[in-house]
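I opened my notebook today to look up a few things in a structure, one entry at a time. Come along and check each entry against the picture.

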Amino acid sequence: MSDLLRPVAIGRDLVRRDGMDKVTGRARYAYEADVPNASYCRLVQTTVARGRVEAMHTDAARQVDGVRAVITPFTAESLHTDGGELAVLQDQEIAFRGQVIGLVVADTAEAALRAAELVEVTCSTAPHDVALSADRDDLYKPEKVNPSYETDTSDGDVDVAMAAAEVTVEQTYTTAMYHNNPLEPHATTAFWDGEHLTVWDSTQGVHPTRAVLADLFDLDKEHVRVICPYVGGGFGSKGEPHVHVVLAAMAARAVPGRHVKLALTRQQMFSLAGHRTPTIQRMRLAADRIGHLSGIAIDVVEHTAKMKEYAEQTGVPTRMMYAAPNRATTHRLAALDVPAPSWMRAPGECPGMFGPEVAMDELAEALGIDPIELRIRNEPDVDPETGHPFSSRNLVTCLREGAARFGWADRDPRPRAREEDGWYVGTGVASSVYPVNRMAESTATIRFERGAYVVEIGAADLGTGTWTTLAQIAADALGVDVEDVSVRIGDTRYPVASVAGGSSGMTTWGSAVVNAARAFRDKHGSAPADGAEADGSTEDNPATEQYAMYAFGAQFVEAHVHRDTGEIRVPRLLGVFAAGRIINPRTARSQFIGGMTMGLSMALHENSVLDPRHGHVVNHDLAEYHITTCADVTDIEATWLDEHDPHVNPMGTKGIGEIGIVGTAAAVVNAVHHAIGIRVRDLPVTLDKLLPGL
Amino acid sequence: MKPFTLATPTDADEAVRLVADDPDAAFLGGGTNLVDHLKLGVATPGALVDITRATSAEITDLPDGGPRVGAAVRNGDFTADRRARERYPLIVQSVLAGASGQLRNMATIGGNPLQRTRCVYFQDVTTPCNKREPGSGCGAHGGYTRYHAILGASEHCIATHPSDLAVALAAVDATVRVLGADGERTIPFTDLHRLPGDAPERDTTLAHGELITAIDLPALPMARRSLYRKVRDRASYAFALVSVAAAIELDGDRISDVRIALGGVAHKPWRAHRAEAVLRGARPLEETFETAAAAELADARPLDGVDGGNGFKTTLAARTIVAALRDLTEGARS
């Protein structure tokens, strides 16, 4: 790997270039696309969880003033698909409650809603099954887990290690079902001009969405344009297109000459936009008296949809996190009559660092060793999974730096030892990890236009800062002032770019931008002519064959538990991260504290309550599905090490979008245990789980 | 969403006539609950009558020294009123404990007590609900019951009333001024809401077309020593698991008067008469508080359900009552 870029613009805390447009409302999101002849689409959904649509009567709906089209499984156009989540309206089978079985297009959103309510549906029903448990007799082993990890791994013999160990921890931990719930709902505006389809879609990747739409509608890719300059959050749920994009395109084709707008309601987002599976994690730790792990194992049970398999890679971080000669991981799935689970911020690592990091705290307690010290004693020299050295691994420094900042040294390890104003006070810690991911395909074009440089790449900004950070990378790669670089993203008119997922954006797109800049200088020198341009693409990084590449972090939590009511509040959160070079401290801090806040939310609040009788998530709005509010976080701080990693990419970045959510929930559970001596192993931590012990 | 007409009368009699004459009409206050229901299909009125210009948005003083709060007073404005803040901490705290700043700026004092349950089955027209559709069954029984009742429920309905303000108004014995087609009447606040029985579709004792024009607060000097304690799963913007509105008056080492009402536990704000009876005349001791709480909750019937049911609420309510009374009497007991 060549030397890292010399940071001039990189490292500056520049304000977001799109910030002013967003806060003043000038930034137009997918549903707000400024288009003529708008019509509005409303969906019709099933109210049974399994069965078949026998008949639909649409006469009353069609008679509503302003209705232009009603589409049902009996009338919908055929898509080029073999089934699965996106094969919407292709047959009469009902795979989950809330499945789309029709749509209405009307001149106003109100008329469309009214007409959708008037569509009469006759269904036959079949028994449904949505209840996950570890003792089901139909659990199966998927071939791979997301995206392509081995399903099970085993090194040495954990059973033997457990039998021989001086101290063991064997516990089961569970995480709840979660919904991504970005603030901006999933929304699409669609328009057909003959055989040319244009969609404004809220997506984490315009090019991946284009590829899917071109396949489904059997179009040349060049005949599909996807536009998405701004995204109001995605958290993975806009990483792959869901049915609304397809439905908007179908709806628009039914009303030639008109632009059709479709936004999911908040309730619909609970069945049509993906979710994180609940997980059941059986943990085993074997150790000697001084805290050296001899064995670590995780056996994961989680759900998938019968309609489409998605296997969350929950056991994966246990494979590489700590030095234990005997290690084993398994994943088993129950295929249920539920909507398809999908990506949600740090799939795998987020739930998969809950059980292990609480178990480590339980082991520390059993040994009488400080939980930070226990982790340090199990720090591996090389990646336990591959035997490769780490390109850089600064977990121990994060733990020590965090301990110093947090005031850990004064901590009395005894639970329930501190009380302030009627609140028991405790502190907890957990480790974070996230891999350095690089996607296969991205290309950037750099052009010299009227005295300035323009970077074009079909990348996405989910609110993360891409508009700004790519300009910083380009400026340093070109050796020019960042003010002389403009960036164009979020449109398939710009070169192909990968999905904003797996914290891979900066590594993937940034590498393409750097290569484009180098190609530009090679080709055009330092005094380019107006219109000069060059392309560059991301390439495989040969160093990935020699090094294990991960970002690490340490999360510290102060938790308060009310003496009378068991209410839990977390007044202080600190995260210390080692995630390579930070392009922009302002946007990076926002990413880190956003992830940590989401982790806190997972710890205390988030819980999609799936009613097994009805088969759907019943608390499907933001009043009932609780997400942490500002009042729940009073002091949150994220900081990072000045980490130099020459192996990851030319910028030295590791990706920061997801690591903030990893480990937070475990740190909260550990802090609550320290506060009152009750170990909650099932998320979320709510007062009813503490009341019996008060 | 069913199409509807909107009238904006400036006169209360006109507003009442418009609704009383039309069984398909409904009053619209701040709209913070009803507008949601229109979108969800939970409410399908054919006519809405906006009463925010037809009723008073003023707080005036009554001859007996208590304030009269006009029905159109915005919740946010009420919490900024100096008289209210000084004289009725429990009421102001209850309003501030509810919703968000934006919602409080829209919601009205007259409309707040008339908001409907947030039972997830009531709010989802694809599930059965006797309150929304009499005779369709109760979706909540055996379902997600974390926010449901432990007191006064029936086989037909186990919903709770969501208003925080209503709990405080029940505690202070406020009076509701109501205008109907036949003229004006007053209702003791504790009689405004009803238990579900076999008619859970009726939240209140108001007849169709009856309009709350104002809420009168009694002078009640003891309310200066009062509080509203709301226990919830997150620090803001959440409905109560359990809440307690309490006011207390001490005479030497005895409790001379006490008012307690509970929220989050029943179909109506639950005035804790049994607990009050235990406490009146007693010393303000922790054991007495516990006895009072136990007496009030003796008939509690927790519910099983998805996600653990609500069995914790009996303990939580008892502990919250004790904590509230302790907070109100601390300093006076030592």
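**Entry 1: salt bridges between the chains.** Before counting, I wrote down the rule: a salt bridge is a side-chain nitrogen of Lys or Arg within 4 Å of a carboxyl oxygen of Asp or Glu. I also noted that this is a predicted model. With that rule I looked across the interface of chain B and chain A and found 3 salt bridges. One that I looked up joins the side chains of R146(B) and D688(A), with N to O at 2.9 Å. I then turned to polar contacts, and the count between chain B and chain A is 16 residue pairs.

**Entry 2: the extent of the interface.** The size of an interface is often given as the accessible area lost when the parts come together. I looked that up too: chain B and chain A bury about 3200 Å² between them, and 53% of it is on carbon and sulfur atoms. On the chain B side, M1(B), R234(B) and R319(B) supply 21% of the area buried against chain A, more than any other three residues.

**Entry 3: the domains of chain B.** I looked up how chain B is divided, and found domain 1 (5–52) and domain 2 (224–329). How far apart are the C-alpha centres of these domains of chain B? They lie 35 Å apart.

**Entry 4: salt bridges over the whole structure.** I widened the search to all chains and found 74 salt bridges. I picked a few to look at.

Is R26(A) buried or exposed? R26(A) has a relative accessible area of 53%, so it counts as exposed.

My next pick joins the side chains of E419(A) and R563(A), with N to O at 3.3 Å. This pair links distant parts of the chain, 144 residues apart. I found E419(A) in strand β18 (residues 419–420) of chain A, and R563(A) in the loop between β24 (550–562) and β25 (568–578) of chain A. E419(A) is partly exposed because its relative accessible area is 41%. R563(A) is partly exposed as well, with a relative accessible area of 30%.

Then I went to chain B, where the side chains of D203(B) and R116(B) meet in a salt bridge (2.9 Å, N to O). These two are 87 residues apart: D203(B) is in the loop between β7 (183–188) and β8 (211–216), and R116(B) is in the loop between α6 (101–106) and α7 (165–171). D203(B) is buried because its relative accessible area is 11%. R116(B), at 22%, is partly exposed. I also noted a network in chain B: salt bridges that share partners join D173(B), D257(B), R259(B), R271(B), E276(B) and R280(B).

**Entry 5: T209(A).** I found T209(A) in helix α5 (residues 206–216) of chain A. Why does T209(A) count as buried? Its relative accessibility is 1%, and the cut-off for buried is under 20%. A polar atom of the T209(A) side chain lies 3.0 Å from the backbone oxygen of G205(A). Leaving aside neighbours within four places in sequence, T209(A) is in contact with D201(A), T203(A), V226(A), P241(A) and V245(A).

**Entry 6: H303(A).** My last stop was H303(A), in strand β16 (residues 293–305) of chain A. H303(A) is at 1% relative accessibility, so it counts as buried. What does the side chain of H303(A) make a polar contact with? I found the side chain of H275(A), at 2.8 Å. Not counting residues up to four places away in sequence, H303(A) touches a list of residues, among them L132(A), M177(A), Y310(A) and P341(A).

Key:
Residues numbered from 1 in each chain as written. Chains lettered and ligands numbered in written order. Predicted model: local features only at pLDDT ≥ 70, side-chain atom pairs only at ≥ 80, totals over all residues. Heavy atoms only, no water. Buried area = accessible area lost by both parts, 1.4 Å probe. Polar contact = N/O pair within 3.5 Å; in protein donor to acceptor, adjacent residues only side chain to side chain. Helix = DSSP H or I, 4+ residues; strand = E, 2+ residues; numbered from the N terminus. Buried < 20%, exposed > 50% of the residue type's maximum accessible area, 1.4 Å probe, protein only. Contact = heavy atoms within 4.5 Å. Domains from an automatic or database assignment.
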